[in-house]
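Good morning, and thank you for coming.

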Amino acid sequence: MNAPEQASELGISQQNVKRVSYSTMLTLAYQSLGVVYGDISASPLYVYKTTFSGKLSLHENDEEIFGVLSFIFWTMTLIALFKYIFIVMSADDNGEGGTFALYSLLCRHARLSILPNQQDVDEKLSSYAMDRSVDSQQSLALKSFLEKHPKFRTSLLIFVLLGTCMAIGDGILTPSISVLSAVSGVKLKIPELHENYVVMISCVILLGLFSLQHHGTHRVAFLFAPVVIAWLLCICCIGIYNIFRWNTRITHALSPVYILKFLRNTGTEGWVSLGGVVLSVTGVEAMFTDMGHFSPLSIRVAFTVLVYPSLILAYMGEAAFLSKHHEDIQRSFYKAIPEPVFWPVFIVATLAAVVGSQAVISATFSIVSQSSALNCFPRVKVIHTSSKIYGQIYIPEVNWMLMFLCLAVTVGLRDTNMIGHAYGLAVTTVMFVTTCLMGLIIIIVWKRRIIDAISFVVIFGSVELLYISSSICKVPEGGWIPLALSLILLAVMYIWNYGTMKKHQFDNENKVSINRIISLGPSLGMVRVPGIGLVYTNLVTGIPAIFGHFVTNLPAFHQVLVFVCVKSVQVPHLSENERLLISRVGPKEYGMFRCIVRFGYKDLQQENYNFDNSLVTGILQFVETEDGCCSKPAMISSGEIGNLGIQAFSAGDLSSLDLCHETSTQSQCDVRGTSSDINHSEAPPLKGETLGILKAKESGVAYILGHSYAKAKKSSPVLKKLAIDVVYAFLNKNCRDPDDVLNVPPTSLLEVGMVYYV
C-alpha cells in the first residue's frame, strides 16, 4: 500500500490523521465531499422557497431579498465557518465528532460518567489521554459544582439526549425535504403533472434509497463525491451567470446593514421567516459528526475551498434572479436555471438529494449505535457493511422505522414549506446543544477563562436562539413534528438508561460472596463438571446475584468458570491489544477467572471472531505470567484468534507481557498480542493449571447468560412503576436479546431468568 492510500485508510478508521501529505489531504477532502457535504449542499433547493412561504411574500421588493441574502451569508459565515470549521472541530474526541463525542470529553474530564462499571484502569488506555496541566480556578469550581449536584448531571444528560433526538429527527426530515424539493422541479416543464404524481415519484425514490441500505454505502460511495462536486460546480456557475445576467448589485447584500434594514422593515413577519433562513446551514452538525471518517484538515479544506464559496455564489445568483422576478418566489431555484441546461441540472439535483439523504441516514445509524453502547438506547442489531471502511454500519430496525416515518412525512405534509418549518426547529436545537456543551468544554477541557466560554455561548448562542424562537412560531405549521418525535425518543432513551442503571444498582447491592457459594457446596451437593463456563455479567467486581440464583437451583458449574463483562468505555475506539483484562477470582484451586472485554462507544461489538478461543488464549497468558515466571514453555495455542488482537503465541511471548494489579488482592493482566522468534524446542513444559484449562476447553464451552426482568418495588411511586413496569418492560421485551448482541452460539447457550425488584 502506498503512502497516500495508507494515510487515507487511517483517515477513515478510528485513528485521527495528524500529519498527512498534501496529496493524502486532498484525497480525503475529495472523499469527504461525498459523505459529509451532501446535506448542506442540497439546501439551495428549498431555502428561499421556505423563507418567503409566509406573510413575508407580501414584501417582495429588492430590499427584502437583499436582507434575506445578507442573513444567509452571515449565518453561513458565523455558524458554519467560524463556529464549526474553526472552533468546534478542534474539540474532537480522539478524532471523533458529534454530540456524544463532546459529552464523552466532559465525562472523562469532569467524571460525569453515565456508564456504571468504569474502573481506574480504564484511564490508562492510550486513547483516554487527558490534559494533565493544572486546572484553573474556574475549571475546579465547575467540576466541584457538577460533582456536588447530581440533579444538574441528570439535567445535562437529558439536554444531550434532546440534542441527540433532534439529530435523529434530521434523519427523518432530510430525505423527505431533499427528494421532494428536487423532484418538484419537474412541474416547471410538465405543468399538467398532478402533485400526487410528484409525491409518488418521491416516495419511490425514498423506498429505493432505504431498500438499498443493507448493501452498505461503500458499494456506491465512489459515485457520491463526483455527484456532489458536479452539483456544487453547477450551482456555482449558474449563480455567477445569474449575478451578471440579472443584478450585479446583489454583492452589496453581503453588508450586515441589510440585516438591520430587513428586521426594521418587516418586523414580526421578517423575524418569523428566519426559520427558513436557518435551513442554509443544515448539515453542519452532520459535518462535525462525520469528522471521524476523515481528518479535520481535509474537511476544513473541502469546505473553505469549494463548498462555502459555491453555496454563497448559488444563493447570490438566486437572489439576483429573484430581484427581477418577484412572481417566481416559490419556484425560484429551477426558474433561475438557464433553459439549455435545465434537464442535466435537474438530474444532478435529484442525485445530490439522494446523496445528501444517504449521509444523514448513515449518521443516524452511527448516533443510534453510540447511544446503545452508552446504555441510552435499547439493544439493536448493528451490521458492519464494509470490511475496508471503518464506521459504515447498518441497523435494520432503525432503517425501516426511518423509512416508514419519511414516507409518512412526505405523504402527510406533501409540502416542502411545512417540512422546512419542522426541519428548522430540529437543526437549530442540535446546534444550540453543541454550543452549550462547547461552553463547558472551553472551561473544563481546554481550561480557558470563563469569559472565553461566556463569549462563545453569547455570540453563537444568541444567533441560534433567534432562529429557535422563529422556528417555535412555526410549530402549528409543521414544527410540531420534530418536537413530538423528539419527546417520544427522549422518553425511550431516558427510561432505558434509567432502567439499565437501576438493574446495575441491584447487581451491585446483591453481589454474592464466592466463599459463601463454595461453602454451600457440601449441603447442596454441588459438583464441578468438565468444560469451561462463561458467565456473562455487567459487574467488573464481585459475583452477580444471578449466578447465586443459578447454583442454588442447579448445584453444578464448570471446572473452569469465567465471569465475562462486556462493557463500553468513554472513548470512541480501543486498540485491539487493549481489549481484554484478565483477573483471577478467589484462590487458584477454585479455577475461576474474570474477563473484562472493553469497547469504545463507536466500536462494533458484533464482529465474527472465535471469542472462546481468544478468551482461553488470554487466560492461558495470564496463568503463565501471573507469578512473574520468565521461563519459556512450549506453544500453548495456535489457530485463528480473530479481532481481539491475541495471536497464537509461545511462552516466549508470554514472558514479555506486562502485568498490572488492581487495588484489591486480585491480580489483573492487560492481555496484549506480541511476537517472538524464540526456538520453541527449548521451552519447558506447561503448568498443571494450564493443562487443566486446555483439557476443559476440549470438553466444550457453555455460555451462561442472565435474563433479568426489572420490576418496580411495591412502595415505588406511580410514575416509577409506569416507567419500569410498562415502558422499560415493553422495550426490554421487544429489543434484541443480549445473546444476539454478543453473538453467543445458540447451541451452547444457557439462560438464567431472575426478577430484579428495583
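Helix α8 passes helix α9 in a right-handed crossing; a crossing is right-handed if the near helix is turned clockwise from the far one by less than a right angle, and left-handed if anticlockwise. Please note that this is a predicted model, in which local features need pLDDT of at least 70 and side-chain atom pairs count only at pLDDT 80 or more, while totals for chains, interfaces and linings use all residues. Residues are numbered from 1 along each chain as its sequence is written, and side-chain values use heavy atoms, with hydrogens and water left out.

How are two packed helices described? They are described by the angle between their axes and the distance between the axes. Here α8 (residues 150-183) and α9 (residues 195-211) pack at about 130 degrees, with axes 9 Å apart.

From α8, P175, V179, L180 and V183 meet residues of α9, including V198, I205 and F210; contact means heavy atoms within 4.5 Å. The residues of this contact comprise 10 nonpolar, one polar and no charged.

I turn now to the loops. S43 lies between α3 (38-41) and α4 (47-51). S43 is buried, at a relative accessible area of 0%, where buried means under 20%, exposed over 50%, and partly exposed in between.

Finally, most residues other than glycine have a negative phi. K447, although not a glycine, has a positive phi of about 60 degrees.

Notes
Axes fitted to C-alpha atoms, helices over the stretch in contact; angles between N-to-C directions. Helix = DSSP H or I, 4+ residues; strand = E, 2+ residues; numbered from the N terminus. Nonpolar A, V, L, I, M, F, W, Y, C, P; charged D, E, K, R; others polar. Buried < 20%, exposed > 50% of the residue type's maximum accessible area, 1.4 Å probe, protein only.
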